[in-house]
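Here is a short report for a first look at this structure. Please keep the sequence and the 3D view at hand while reading.

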Amino acid sequence: MSMSALSAEGMKRAAARAALESVTHGMRLGLGTGSTAAHFVDLLGARVKDGLDVVCVPTSERTRAQAEGLGIALSTLDETPQLDLTVDGADEFDHALRLIKGGGGALLREKIVAAASTRMFVIADATKEVETLGAFPLPVEIDRFGARSTMLQIERMARGLGLIGPLMLREVAPAERFVTDGGHYIVDCAFGAIDDPETLAQRLSAIPGVVDHGLFIGLATAIFIAGAEGVRILGNISGDPL
Ligand code: 5RP
């Protein structure tokens with residue numbers, strides 16, 4: 001099938017398949033969360049069934065369940081604190097390999113696992129590529145204690161950077177808040193274009209109620225982008241972040 005005939009799911013799978021080519025025997029892998037990462041886990045499961053020997057740390061309970069069901073050997077960061085490669089999706093990425101993540105609510109574990117990995121591959125369809133981050137509302141994970149106060153502090157800090165946009169406490173149903181695997185809330189911040197992601201990242205991290213945020217900077221080493229013309233790679237599959 002030509003790439004132009006592929007559905008959105010087909011493109012996600014093509015990106016996942018391309019990233020899987022770098023996985024070799026004996027690797028310690030981080031497994032991401034989301035619909036694109038799920039394609040990678042599925043394809044990895046087939047390779048494991050054929051005898052590939054890898055050990056994996058999942059970034060969410062959802063991914064853990066999927067990987068377990070496929071017979072993939074799992075570990076924790078306590079048992080396996082250093083990983084060779086993490087493969088994960090993203091909600092947005094720019095040319096500098098900066099990401100917005102957390103649309104699936106797993107950003108904290110995703111960032112911990114990526115930071116424990118020598119390399120991080122992002123797999124995505126071409127719709128996730130942006131000139132400037134921020135069209136996708138930035139997810140921020142906050143402690144449940146003092147949530148409203150933390151939101152107010154985020155709002156004030158962001159206004160100081162010229163970022164004005166509604167902040168929404170994520171819900172799974174009306175009046176039922178989304179709770180992360182770590183027991184926290186997610187605030188989705190519709191700031192629009194984020195011209196200086198580094199400064200926003202630093203200022204968010206300085207707010208005590210903020211557990212972490214969905215800006216991933218200096219973590220991705222390569223991005224596999226599936227589009228109509230095939231899979232393109234941004235960055236370096238064997239090396240350091242840009
Ligand atoms: C989960 C994430 C996901 O990687 C991100 O939301 C992309 O998901 P999908 O592949 O379903 O578009 O950050 O927290």
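Which residue forms a salt bridge with R98? The partner is E198, and the closest N and O atoms of the two are 3.2 Å apart. Keep in mind that the model is a predicted one.

The protein chain is divided into two domains. Domain 1 takes in 3-129 + 218-231, and domain 2 covers 138-210. Their C-alpha centres lie 25 Å apart. Across the boundary, 12 residues of domain 1 are in contact with 14 residues of domain 2.

The size of an interface is often given as the accessible area lost when the parts come together. Here domain 1 and domain 2 bury about 880 Å² between them. Carbon and sulfur atoms account for 57% of that area.

How many salt bridges are counted between domain 1 and domain 2? The count is one. The side chains of E198 and R98 meet in a salt bridge at 3.2 Å, N to O. E198 lies in helix α6 (residues 197-205) and R98 in the loop between β4 (92-93) and β5, so the pair ties together parts that are 100 residues apart in sequence. E198 counts as partly exposed because its relative accessibility is 32%. R98 is buried, with a relative accessible area of 17%.

## Other salt bridges

In total, the count comes to 12 salt bridges. One of them joins the side chains of K101 and D88, at 3.1 Å from N to O. This pair links distant parts of the chain, 13 residues apart. K101 is in the loop between β5 (99-100) and α4 (107-115), while D88 is in strand β3 (residues 83-88). Are these two residues buried or exposed? Both K101 and D88 are buried.

D212 forms a salt bridge with K111, and here the closest N and O atoms are 2.9 Å apart. D212 lies in strand β12 (residues 210-213) and K111 in helix α4, so this pair ties together parts that are 101 residues apart in sequence. D212 counts as buried at 14% relative accessibility. K111 counts as buried too, at 13%. There is also a network of salt bridges, which links E61, R64 and R109.

## The aromatic pair

The structure holds one aromatic pair. F121 and F224 form it, with 5.0 Å from centre to centre. The planes are 45 degrees apart, and the pair is tilted. The label follows because planes under 30 degrees apart count as stacked and those over 60 as edge-to-face, with the rest tilted.

F121 is buried, with a relative accessible area of 0%. F224 is buried as well, with a relative accessible area of 1%.

## Charges over rings

R170 is found in the loop between β8 (167-169) and β9 (171-173). R170 counts as buried because its relative accessibility is 14%, and the cut-off for buried is under 20%. Which residues does R170 contact, leaving aside its neighbours within four places in sequence? They are G102, G103, G104, G105, P139, R177, F178, I186 and D188.

K12 lies in helix α1 (residues 8-20). At 11% relative accessibility, K12 counts as buried. Not counting residues up to four places away in sequence, K12 touches S35, T36, H39 and D125.

E68 has its place in helix α3 (residues 61-69). Is E68 buried or exposed? E68 counts as exposed, because its relative accessibility is 51% and the cut-off for exposed is over 50%. From E68 to L99 the separation is 31 residues in sequence. In space, the two are 28 Å apart, C-alpha to C-alpha.

Definitions and conventions. Residues are numbered from 1 along each chain as its sequence is written. This is a predicted model: local features need pLDDT of at least 70, side-chain atom pairs count only at pLDDT 80 or more; totals for chains, interfaces and linings use all residues. Side-chain values use heavy atoms; hydrogens and water are left out. Rings of Phe, Tyr and Trp (its six-membered ring) pair if their centres lie within 6.5 Å; planes under 30 degrees apart count as stacked, over 60 as edge-to-face and the rest as tilted. Buried means under 20% relative accessible area, exposed over 50%, partly exposed in between (1.4 Å probe, protein chains only). Domain bounds come from an automatic or database domain assignment. Contact means heavy atoms within 4.5 Å. Buried area is the accessible area (1.4 Å probe) that two parts lose on being put together, summed over both. A salt bridge is a side-chain nitrogen of Lys or Arg within 4 Å of a carboxyl oxygen of Asp or Glu. Helices (H or I, at least four residues) and strands (E, at least two) are DSSP runs, numbered from the N terminus.
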